[in-house]
Amino acid sequence: MPPPSLAAARDPAAAATTTRRRCKEAKVHPAAAEGDEKVAMGAAAAGGGEGWGGLPEWCSAAGVAGVIRRHPLPALFACGLLLFMAVEYTIPMVRPGAPPLDLGFVATQGMHDAVAARPWLNELLAALNTVFVAMQAGYILWAILAEQRPRAAVAALMMFTCRGMLGCATQLPLPDEFLGSGMDFPVGNVSFFLFFSGHVAGAVIAAADMRREGRLALARLYDALNVLQVVRLLACRGHYTIDLAVGVGAGILFDTLAGCYFDAKNGDGKNAHCRSCQCHKALLAH
């Protein structure tokens, strides 16, 4: 039997019949099928992951509710953004020559009055605070000298260098109610930078190193002492609130940067976050 193509060539009527049969089986014209495919593709592009009006799906009411349910913390920060935009654009600014408005000072006014009325209490708190600073420095030195883990020491060096540059760049006025003490660190009532707090940042760096080493109880102790230090510095007007808040951020930042530095020195990122405490290899490497 000749192939269908040869039969169709010999008999035009048979060719027409075959064509009609194929179109009937397909039930759609080739041009119409192509048009339907384009329409379907356009609908998929318009509807895939998008809601009404060509906007992303999460811009719908249901989408926003789902985002809030799955990501409550970023949603809270979004509300905070809107709130403080309204506050910032409407709050009256402090006039030139007027003392700074510090809510930390307002919150610790009672303690400030108590310490100001008792000079011996001011000396005692300053001495205890100096002991805590010595504890921070002692732990960081122990980590590098006895345990050969230099990350905390490098973080402290970075932090204090940055603090010195910022302190020179913007010198804040000493609060009018500052309660100085010869027992405070730096000992002797000498001048110091207000922004940012090295006391707080150093404690954060030491506590972060303790957590990496699994010394969780000691880390919690340092965190608690750091909170008490913050309250004491506010009550004695030794720092503004912003100095202390940035001190916490600086401690976290420079501890992270020191870890990245040693990760890069040790190569190929296998020592992520310096958890195996092998950063001394980079310290001794040529």
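A: Let's begin with a term: helices (H or I, at least four residues) and strands (E, at least two) are DSSP runs, numbered from the N terminus. This is a predicted model, where local features need pLDDT of at least 70, side-chain atom pairs count only at pLDDT 80 or more, and totals for chains, interfaces and linings use all residues. Residues are numbered from 1 along each chain as its sequence is written, and side-chain values use heavy atoms, with hydrogens and water left out.

Residues 152–172 are 86% helix and 0% strand, with end C-alpha atoms 28 Å apart. For residues 124–145 the figures are 100% helix and 0% strand, and the end C-alpha atoms sit 31 Å apart. An unreviewed UniProt entry lists both spans under "transmembrane region", along with 73–91 and 192–210; its positions use the numbering here, feature names are shortened, and annotations may be inferred rather than shown by experiment.

Now the rings. Those of Phe, Tyr and Trp (its six-membered ring) pair if their centres lie within 6.5 Å; planes under 30 degrees apart count as stacked, over 60 as edge-to-face and the rest as tilted. Searching the whole structure turns up 5 aromatic pairs. One of them is stacked: Phe 105 and Tyr 240, 5.6 Å centre to centre with 25° between the planes. That pair links distant parts of the chain, 135 residues apart: Phe 105 is in helix α6 (residues 103–107), Tyr 240 in the loop between α11 (216–235) and α12 (241–266). Both Phe 105 and Tyr 240 are buried (under 20% relative accessible area; exposed is over 50%, partly exposed in between, with a 1.4 Å probe and protein chains only).

Phe 195 and Phe 196 make an edge-to-face pair, because their ring centres are 6.1 Å apart and their planes at 85°. Phe 195 has 22% relative accessibility, so it counts as partly exposed, while Phe 196, at 2%, counts as buried.
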